[in-house]
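Here is a short report for a first look. Please view the sequence and the structure before reading on.

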Amino acid sequence: MNTPYGELLLALRPEICLVAGALAVLAVDLPKNSRSPQQRLQISAALGVLALVTAGVWGLGAGQPGPLFGGVLSLDMLAQATRAGVLGLALLALGVTAGTSRLRHPAELVAMILFATTGFTLMAVAQQLLLAFLALETASLSLYVLAGFDKSRPESAEAALKYFLVGGVSAAFLLFGFSLLYGLTGSIELQEISVQLAMSGPSPLLVVALVMILVAFGFKAAAAPFHLWAPDVYEGAPAPSAALIASASKLAGLALFLRLLWPGLGAAAGNLTGAAGWLPVVALISAASMLLGNFAALAQGNVRRLLAYSAIAHAGALLLGVIAAGHSGPGPLFYYAATYGLATVGAFGVIAVVERAGRCQNLGDLGDLAGLRARSPLLAGCLFVFVLSLAGIPPLAGFVGKFVVFSAALQMGGPAGWLALLAIALSAVALYYYLLILKQALVAPAKESSPIKVPATAALALLAAAALIVVLGLWPSALLGLFQ
Amino acid sequence: MNLLPWTIYVSFAGAFLALVVGARSATAARWVALATAVAGATLTFLAAREFVPGSSLQTLVDVPWIRELGVNYHLAVDGISLTLLVLTGLAATAGILFSWNIEERPGEFFALFLALIGGVYGVFLSADVFVLFVFYEIAIVPKYFLIAIWGSTNREYGAMKLVLYSFAGSALVLAGMLWAYAAGGAHGFGLAELSAAAVHIPHGTQLAIFALVFLGFAVLAGLFPFHTWAPTGHVAAPTAASMLLAGVVMKLGAYGCLRVAMPLFPEAFAYWQPVIAWLALAGILYAGFIALVQEDFKFVIGYSSVSHMGFVLLGLAAATPLALAGAVLQMFSHGVIAGLLFAVVGRMVYERTHTRRLAELRAMPLHRLLPFAAVVFVVAGLASLGLPGFSGFPAELSILIGAWQAKPLWAAVAALGIVVAGAFTLRVIQVSFFGSAGAHSAPPADSHPLPPITLAEKAGALLLLGATVYVGLKPDVLLDWIVPALQSPAFQAVIKGGHP
């Protein structure tokens, strides 16, 4: 057998860069040195940025489009765009980290971010169940560590433990579902699976496999009713880790989910009007997430928990995008997920800077944002953009994301259309809690008047995210056009 | 004509500039804001001079924006939009003049104010529903901050309520327009394109979509029973914001009904016509009666706004050529007059006496302390009643006659509404300004002389007064624009739909 390893190496350039970068970060920091943690963080972050940029610039252009290495990988537009997206989001998260982190072991922190990103980029290209699972676990294990990185606070450990336990269980579900699929079809390659499924038709075992897979992805995506870990993790994890969990991880996960469901299991989709399959289940999860997320967010007094419930609501809309992708391709879903990621990274970035400046005990208290406009006009302005984009106010990218996903769902018709109408109705509910954040930042008087000094890297990352949200909102064809 | 799109860009640029210079100097921010508003108004006047009335939307800009959705950045104007653009320019200029005394965070105030104005110009110029919706939402969001930061009584509640109502309305519009797009198989959101596609939608679905879109817009126009955001919002808002709210923002809703909902679905409009008419009538009477018993000066004006906007909605519902022309004229007229009334109550009286309670105002001889304010209020009140010589007269008369042509009973009930309007207006004039006129010949000993009316206030008041008198004496200025626009196939379909 002539295995094209050269081709594989070429296609995996981004991952090679990332892993090499992570190892370099660890190696540089390894010798016993007398540098301050601040310096070590800066050196590590600089190496990390270098790795991410190299992966993006040098790595992404490589490789033939289409399936590679016997169908293990696929370098189609969705894969490349998702890779670029997660690299960009990781870069922003790293920028925030470099500016705000006061954690011990800065090199390990940066290395873990790079390892997690490696997992994300692999998830984006995986075309085969085994690689998909490995990529997902690489990313997840890194994220568990990142969630618990703040060893000085028990909440961080709690977040990591909860995330790890729930994530571990869901990984077991996923693996079980995958093994059933393998048993049913005799293959772990998505293309082969779809051919086999189309021939064999539905079977009870397939239903079990689908349920396992959907439960697992429900956990990963923080969709109701599998969302219970999300508020605790978003609250307890260090802010940059939460940013990564909420943004890049979601984008990569949804790309993988999309690839698994439509090209792989499209034959078992069923339909929304009764025939068994995964489509009705995803629709139900989507509706439950939107309802629960939006209404639970109303009652939150903690901005991190609020963002967690908003993330659950957005997960519902993203799942609607997964459904609609069967009709209109991955464009709308990718646009929504990528721009949502930008806004979330930004919002958590602002929180990270505010928390660093304050000496607050309860992280994420909504009141800590009070008077932000007086303390730092830059942060307040950025937060304004991020939160309004999350709320879906034009001309920001969040609006266009909602618009394209909902119009795709309505064009699909039937219950997908009803879900879109539900989502639009709930967006009015959502505006209330988003305005609560902005009310604190822009309307309420400051509790403490000390100005917040925004570290340069964090400022750069936040400004870049805000600018991207505005530009992509005004010129959405830049992303949507990729998928035409 | 090609000047008109610049109203939008100038407003946004002015907003940005006001934000930047406002951080250092309040005076600079004021002058930037005034210059921007005057520039916008001047652009509309210049365009109006060149305007050739016609029956179609005259395209100003039409370039592809989002190819994937078939969205074009399409701006166009006809006589109806031009009328409202002129109103926007006037209201914006007057609003800036009446907020000359804003000291708290002036840069942000004027930036939000001008952003709102830019959104309003954009809505009136859009010929693509997507573009219209984008501008519509841009106009909604600043209202929250304008009210929550610079407002008074119960401001955070009022601001949140107002914005949530508006946003819920716009969510209905969004749902309806996406539904129409999908169900009709349209390839874009242009008004012409959508109405061509709407023909293919089954009748039952059309009824539902029309209801969503019309109701969504009508919430912002103060349609009963979804009007409750308006009085609380107006009362909480700072003067300039309530002037804009009543003056132009409520018109956005009515304009959306007229421009989008009705022409896209004329058959569905015919089905819902009686419902809309009766809700409009209920609003006219209900808000009028409430205004009659209010003890807060600003609440009276707030409810009177809802009542007068009821006439606009009635004109739309009656849908005869006369009624529609009257409705557009009433939008202009109410925009100017409501701006004046709020200016007197909020800026001239409240900021000097620090009370809006009619019982307390009654004890002050305000007509002697603030003679200018008294004159302006009396004149504006009479204009609001629809006295001949003011813009309200031709507007409400056209609506009444139009409603009579459609259904005499509607006109009869609406006429009752005019009587009620007369009652609450005269009551509030008497109680607020002439309360103790006969009782004391000299001001009470404890009354301090109030600060005199400033030049900016006088200029703003005269600007709006001039507009209402000019249009009252010469309504043809506007009607010559409006009536030809109603000849377009889209509106003819509405008129035909309303009167089979």
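## The model and its confidence

This is a predicted model: local features need pLDDT of at least 70, side-chain atom pairs count only at pLDDT 80 or more, and totals for chains, interfaces and linings use all residues. Residues are numbered from 1 along each chain as its sequence is written, while chains are lettered from A and ligands numbered from 1 in the order in which they are written.

The model scores ipTM 0.91 and pTM 0.93.

## Chain B as a whole

Chain B holds 21 helices and two strands. Helices (H or I, at least four residues) and strands (E, at least two) are DSSP runs, numbered from the N terminus.

The C-alpha atoms of chain B fill a box of roughly 75 × 55 × 40 Å along the principal axes.

Of the 500 residues of chain B, 65% count as buried. A residue is buried if 20 or more other C-beta atoms lie within 10 Å of its own, exposed if 12 or fewer, and partly exposed in between; C-beta atoms are placed from the backbone.

## Where the chains meet

The contact takes 24 residues from chain B and 29 residues from chain A. Two residues are in contact if their C-beta atoms, placed from the backbone, lie within 7 Å. On the chain B side, α5 (129-150) and α6 (155-183) each supply at least two residues. The largest share, 12 residues, comes from α6(B).

By class, this side of chain B has 21 nonpolar, no polar and three charged residues. Ala, Val, Leu, Ile, Met, Phe, Trp, Tyr, Cys and Pro count as nonpolar, Asp, Glu, Lys and Arg as charged, and the others, Gly among them, as polar.

## Two residues of chain A

A:L114 sits in helix α5 (residues 106-125) of chain A. A:L114 counts as buried, with 27 C-beta neighbours inside 10 Å. Leaving out residues up to four places away in sequence, A:L114 touches residues including A:L18, A:V25 and A:A51.

A:G59 belongs to helix α3 (residues 37-59) of chain A. A:G59 is buried, with 24 other C-beta atoms within 10 Å.
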